[in-house]
Amino acid sequence: MKFLASLLAISLSWLPSAFAEDPEVQMFDIGQTVIKMALADGVGPQDATDAMLSKAAELNMKMVGHQNVGKELQNRGIDSPDLEIFQFCNPEDAIKMVQFNTIYAAYMPCRIALVEDNDGKHWLEMLNLDMIINAYALPPELQAIAITINGTMLSILTAGATGAF
């Protein structure tokens, strides 16, 4: 906990003095910021990937980026567990959110990580978009977009975890 307090103090030190005197700081349990789902028995990493990409295409979410961090490290001769980052976006929805408030760009594109833990178990993890949706009042049209994107990402995550197309 001391580490987190020190990190917070350091990160606040760069703020303008007028803001740093009375900052509004909210702390969250890191576990609440992420949705984590284990791959079902019999579903391997490639099955999960195939199912996610199929579901994303079905739901009109474009895969705009993919980083296979684990493979990159292995290619460099560094022992690494599986770690892949998949990035999805619906450009029309993205621009509407950013035009409302540029802060939403920091959460784009939507990401799902395929992670192998220290026990060899594979997980799919994504940002808990409910926290973002509930943290800021949105006009009804944008609230509907945010809720739809959240549902879409959860469908992609679930498809990957279950291996269902």
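A contact is taken here to mean heavy atoms within 4.5 Å. The structure is a predicted model, in which local features need pLDDT of at least 70 and side-chain atom pairs count only at pLDDT 80 or more, while totals for chains, interfaces and linings use all residues. Residues are numbered from 1 along each chain as its sequence is written, and side-chain values use heavy atoms, with hydrogens and water left out.

The secondary structure of the chain comprises 7 helices and 5 strands, where helices (H or I, at least four residues) and strands (E, at least two) are DSSP runs numbered from the N terminus. Read from the N terminus, the elements follow the order α-α-β-α-β-α-β-α-β-β-α-α. Of the contacts with a separation of 6 or more, 67% are between residues 24 or more positions apart. The C-alpha atoms of V34 and M126 are separated by 5.6 Å, although the two residues are 92 apart along the chain. V34 is partly exposed, with a relative accessible area of 32%; buried denotes under 20% relative accessible area, exposed over 50%, and partly exposed the range in between (1.4 Å probe, protein chains only).

Buried residues make up 32% of the 165 residues in the chain. Among the buried residues of α7 are L142, I145, A146, I149, M153, I156 and L157. In general, an α-helix has 3.6 residues a turn, so residues three or four places apart point the same way. Just after α7, G163 adopts a positive phi of about 75°.

A search of the whole structure, with a disulfide defined as a pair of cysteine sulfur atoms within 2.5 Å, finds 0 disulfides. C89 is in no disulfide, and the nearest cysteine sulfur, that of C110, is 7.0 Å away. Both cysteines are buried, C89 with a relative accessible area of 15% and C110 with one of 14%.

The chain exposes about 10,400 Å², of which carbon and sulfur atoms supply 57%; accessible areas come from the Shrake-Rupley method with a 1.4 Å probe, and for residues only the protein chains shown count as cover.
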